[in-house]
Amino acid sequence: MTMIGLNKRTVMAIRKIEKIWEYAEAHRRTFAELSDKVWETPEVTYSEHKSAAAHRQAAMVQGFRVTEAIANIPTAFVAEAGSGGPVIAFLGEYDALPGLSQEANIAEPRPLPGNGNGHGCGHNLLGAASLLAATALKDYLAETGLEGTVRYYGCPAEEGGAAKTFMVRAGCFDDVDIAISWHPDSMVRVDPSLSLANTRIDFSFHGRSAHASMAPHLGRSALDAIELMSVGVNYLREHVPSDTRLHYAVLDTGGTAANVVQARAKVRYSVRAIDLVGMQAVLERVIAVAKGAATMTGTRVEAKIISAVANLMANDVLTSRMQDVLDRLGPVQFDESDREYARRIQATLTPEDIEGNYLEVGLPITDKPLCDFVIPIQVRGANMLGSTDVGDVSWVVPTVQARVATHAIGTPGHSWQITAQGKAPAAHKGLLHAAKAMAMMGLEAITDRDLLTAAWNAHRIKVSKVPYTNPIPDEIQPPIAEMSQRV
């Protein structure tokens, strides 16, 4: 970056940027290795013991003070450095997904032996980059003597476990000034901060067993109740807002003997809507359908919320500044070998996969295998929404996220192709790129108090119009036993 002809203030700003990026560069190998280590020990929701331990150890080696088991979650922790304000939070994740085991750096489905888990959403990269960003910012503050507290939040169970929602409820973010995160993606852009509020709720039906041939009239089938509930929810889909999503998985069919009336059965529903108010309204109707199914079958139903998350709340002030940061940083610097592997991955995709990726970001389709550009903030595509527990953090503290390219354009989320690319050189380059963007964003918040003031003013205006209510009832504890898989 040439400095000829620039004034002294601009030169100092450039040197500040370059210095914090140098700190990130200095640790790039360490945190790429951390990401790979987590990739190699994929652990699902609330069972991330090895992954959390690897992150805690990495944080302690870098000089962070570590507090374990926050919010009564064994695999959640916070690592802190520095002192005074502002308090900058970097959000990290490290949970994997079931059924997405895959050999790395190839372009064909080839599951690895073992538990079948895999990092099909790139959370091995997510946590490592966030901790690298926190480390770079910590080092910068230590050298310059700037006041500020840097925190890395080790957050498990994003994939349906809502750990951050429980952490919010426990007050873990009450003194934070700004929260920063990112997610692996096929594009480079500021996250549009759009997501669906979501509740996962279990319905346990209790009936009466009987001989299905000799005395079927004496039985009350819990499995029939689940089937009737499915019919009722299917009819409900026509009469809810278009952004609503209703999906389910049968957890317990009540046994495998067809000649026994099933006395028990359990189904888990995921109820999503554009915001918390809308989600709660649809949830009440789903519960009513379950009660109706129980009445029709002469069974009894118990409903238990397992987890829930709020929709993301955008902070326009932070979004604009993050765009400036990404524009200064530019795109990820991929090379021809990265592009060649990405082309092989794209050969396993459908045209709809690639078209859908461009539709999501609002750009015309190209033949680029990897994203070598930064998407302008003005460009908006179709809303293709999921859910995340970052949403709850965004309601209690101004929050911003980046999306950074780590895999081939068109790669579907939650796929073996994501797992396959999780240790590739391109993924490591995206990890470092994301860390540089987040570290710079944190430094901007520390050195520009007007930015923090404006971000909080914007945040308070939104919350004053629609106050936040934690979507998880007070009596519900983290569903560690219900959702974890011991490996």
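Mentor: We begin with a definition: axes are lines fitted to C-alpha atoms, for helices over the stretch in contact, and angles run from 0 to 180 degrees between N-to-C directions. Helices (H or I, at least four residues) and strands (E, at least two) are DSSP runs, numbered from the N terminus. The model is a predicted one, in which local features need pLDDT of at least 70 and side-chain atom pairs count only at pLDDT 80 or more, while totals for chains, interfaces and linings use all residues. Residues are numbered from 1 along each chain as its sequence is written, and side-chain values use heavy atoms, with hydrogens and water left out.

Trainee: At what angle do the axes of helix α8 and helix α13 cross?

Mentor: Two packed helices are described by the angle between their axes and the distance between the axes. Here α8 (residues 316-329) and α13 (residues 425-447) have axes that come within 10 Å and cross at roughly 130°. α8 is therefore oblique to α13; angles under 35 degrees count as roughly parallel, over 145 as roughly antiparallel, 65 to 115 as roughly perpendicular and the rest as oblique.

Trainee: Which residues of α8 and α13 meet?

Mentor: Contact means heavy atoms within 4.5 Å. On the α8 side, the residues include L318, M322, V325 and L329; among those of α13 are H433, A437, M440 and E444.

Trainee: In what order do the strands of the open sheet lie?

Mentor: Strands of a sheet pair through backbone hydrogen bonds, either parallel or antiparallel. Two strands count as paired if DSSP finds at least two bridges between them. The order in this four-stranded open sheet is β8-β9-β7-β10, and the pairing is antiparallel. β8 (245-252) and β10 are the edge strands, each pairing on one side only. From one strand to the next, the twist averages 20°.

Trainee: How many bridges join β7 to β9, and how many join β7 to β10?

Mentor: β7 (residues 197-206) has 10 bridges to β9 (residues 264-273) and nine to β10 (residues 300-309). D202 has R268 of β9 as its bridge partner, F203 is partnered by A303 of β10, and F205 stands opposite V301.

Trainee: Is β7 mostly covered or exposed?

Mentor: Eight of the 10 residues in β7 are buried (under 20% relative accessible area, with exposed over 50% and partly exposed in between, for a 1.4 Å probe and protein chains only). Helix α7 (residues 276-297) lies across β7, β8, β9 and β10, at about 10° to β7. Helix α6 (residues 222-236) lies across β7, β8 and β9, at about 20° to β9.
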